[in-house]
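This report goes through one protein chain, element by element. Please look over the sequence and the model before reading on.

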Amino acid sequence: MLKTSRNAPCPCGGGKKYKKCCLLQEETSLHRRREEQGAVEIALDWLHTNYPAEIAAAVRFDYLGEPDDEKMAAIDGMTSDRDQLLGLNIGDWLLADAVLTVNKTDIPALDLILGKEGPLLPPHGREWLQEICKRSLSLYEVREIKKGEGMFLADMLKPSDPPVWVRERSATQFLVPWDILGARLALRDGDLVMSGAAYPMERGTALACREVITGDDAYRNGPPDLPRDLVARTIINCWLDSIITVKPLPLPVDASSGNKALVSAKPPPKPAPPLETQQQIITSFLAKQYESWPEIPLPALHDKTPSEAVKTEEGRRAVAEILKTMEQSDARLTNSGAKQPLDITFLWEKLGLIR
């Protein structure tokens, strides 16, 4: 990407020089971001220095849910990328939700940080810490992505609320439409952004997580605002269970005996066709499969066809969920380069469903 000269016309088309237009805004925004990040680091360092035992207890008993030795071993054995994400999520939780027991008194960690004895924080950094604690974690479904810019997220715990635009660059590089993640949103310069925490889950795990939250009495019979602690605790638990659960790899099946066994050595495979040809083959195969898909009985629909299932409200929801999963998988395969994009809008329209 070419760098705009300070004295060149601003790319926004406002007519001013770049240095007197968007460059000033960009430098101000960058300075603010540095203050915010600096405040997060200062606050967490201060907590660990002044309340190490209280922090350790809060993380072990409240965040991790008092894990047994087996669970702790699984957490300790996580891959480096998951371990890094866990660290970021714990830091976000400590600042926004954690309550520490200090001298037998429960005090929100943020109150300690912002109190008279707390660390010296830059002005914008202090504002940021106050901002990120205003909203609870929630489950968000990705509806639309603009790479490198942001995405539209729908709050799955508030289905009547319209999707919101969230300014976010890094997450748009790996998320696809219909992905679901736990996240905390905060306001920055008039836009919603992610606070830094991210709890990505498979759709099935996320939907089960939503059922746990909405099925709880505190959710059904509580105040209009969602029970913050219930929502955060459930999202964290579901996410942790999903990333530390080791799924055994299926063994190949010996076709002659019907038993799972290691398959004996086979002749070397034939050379694979060129990548572009492979993509075309996969895309063509899927397109043909999708043409007849509405008339195929599916176990997920209690052996009804999608065309039959959409005649009831429950069936329509189930078919829509399947279509979302299909589009989600297609987007991931496309992003990985395994196939060309395939638009299944015609299936939504044929079945009379609204995306």
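## A residue in helix 9

In which helix is Thr234 found? Thr234 lies in helix 9 of what is a predicted model. Its relative accessibility is 8%, so Thr234 counts as buried. Setting aside residues up to four places away in sequence, Thr234 touches Cys209, Val212 and Ile213.

## The chain as a whole

The predicted model has 13 helices and nine strands. Of the 355 residues in the chain, 38% are buried. Taking contacts between residues at least 6 apart in sequence, 58% join residues that are at least 24 apart.

## Helix 4 and helix 9

Helix 4 covers residues 80-96 and helix 9 covers residues 228-244. Their axes come within 13 Å and cross at roughly 170 degrees. Because angles over 145 degrees count as roughly antiparallel, helix 4 is roughly antiparallel to helix 9.

On the helix 4 side, the contact is formed by Arg82, Leu85, Leu86, Asn89, Trp93 and Ala96. These meet Arg228, Ile236, Trp239, Leu240 and Ile243 of helix 9. By class, the residues of this contact are eight nonpolar, one polar and two charged.

## Helix 4 and helix 2

Helix 2 (residues 52-63) also packs with helix 4, at an angle of about 105 degrees and with the axes 12 Å apart. An angle from 65 to 115 degrees counts as roughly perpendicular, and helix 2 and helix 4 are therefore roughly perpendicular to each other. From helix 2, Ile55, Ala58, Val59, Asp62 and Tyr63 take part, and they meet Leu86, Asn89, Ile90, Trp93 and Leu94 in helix 4. This contact divides into eight nonpolar residues, one polar and one charged.

Leu86, Asn89 and Trp93 are among the buried residues of helix 4. Others buried there include Ile90, Gly91, Asp92, Leu94, Leu95 and Ala96. At 1.5 Å a residue, the 17 residues of helix 4 should span 24 Å, and the end C-alpha atoms are 24 Å apart, so the two values agree.

## Helix 12

Helix 12 runs over residues 313-336, which is 24 residues. From first C-alpha to last it reaches 35 Å, close to the 34 Å expected at 1.5 Å a residue. Gly337 follows helix 12 and has a positive phi, near 85 degrees.

The buried residues of helix 12 are Gly315, Val319, Ala320, Ile322, Leu323, Lys324, Met326, Glu327, Gln328, Asp330 and Ala331. Lys324, Glu327 and Asp330 on this list belong to the residue types that count as charged. An α-helix has 3.6 residues a turn, so residues three or four places apart point the same way.

Leu298 sits in the loop between helix 10 (275-292) and helix 11 (306-309). Leaving out neighbours within four places in sequence, Leu298 is in contact with Trp293, Asp303, Lys304, Pro306 and Ile322. Leu298 and Ala309 are 11 residues apart along the chain, and their C-alpha atoms are separated by 9.7 Å.

## Ser138 in strand 3

Ser138 belongs to strand 3, residues 138-146. Its relative accessible area is 4%, so Ser138 is buried. What joins the side chains of Ser138 and Asp155? A polar contact of 2.7 Å does. Beyond residues up to four places away in sequence, Ser138 touches Asp155, Leu157, Leu181, Gly182, Ala183, Val231 and Ile235.

## Positive phi in two loops

Two residues other than glycine with positive phi are described here. Asn103 has a phi of about 50 degrees and is in the loop between strand 1 (99-102) and strand 2 (105-108). Asn103 is exposed, at a relative accessible area of 72%.

Asp189 has a phi near 55 degrees. Asp189 is placed in the loop between strand 7 (185-188) and strand 8 (191-194). At 47% relative accessibility, Asp189 counts as partly exposed.

Technical notes. Residues numbered from 1 in each chain as written. Predicted model: local features only at pLDDT ≥ 70, side-chain atom pairs only at ≥ 80, totals over all residues. Heavy atoms only, no water. Helix = DSSP H or I, 4+ residues; strand = E, 2+ residues; numbered from the N terminus. Expected span 1.5 Å × (residues − 1). Buried < 20%, exposed > 50% of the residue type's maximum accessible area, 1.4 Å probe, protein only. Axes fitted to C-alpha atoms, helices over the stretch in contact; angles between N-to-C directions. Parallel < 35°, antiparallel > 145°, perpendicular 65-115°, else oblique. Contact = heavy atoms within 4.5 Å. Polar contact = N/O pair within 3.5 Å; in protein donor to acceptor, adjacent residues only side chain to side chain.
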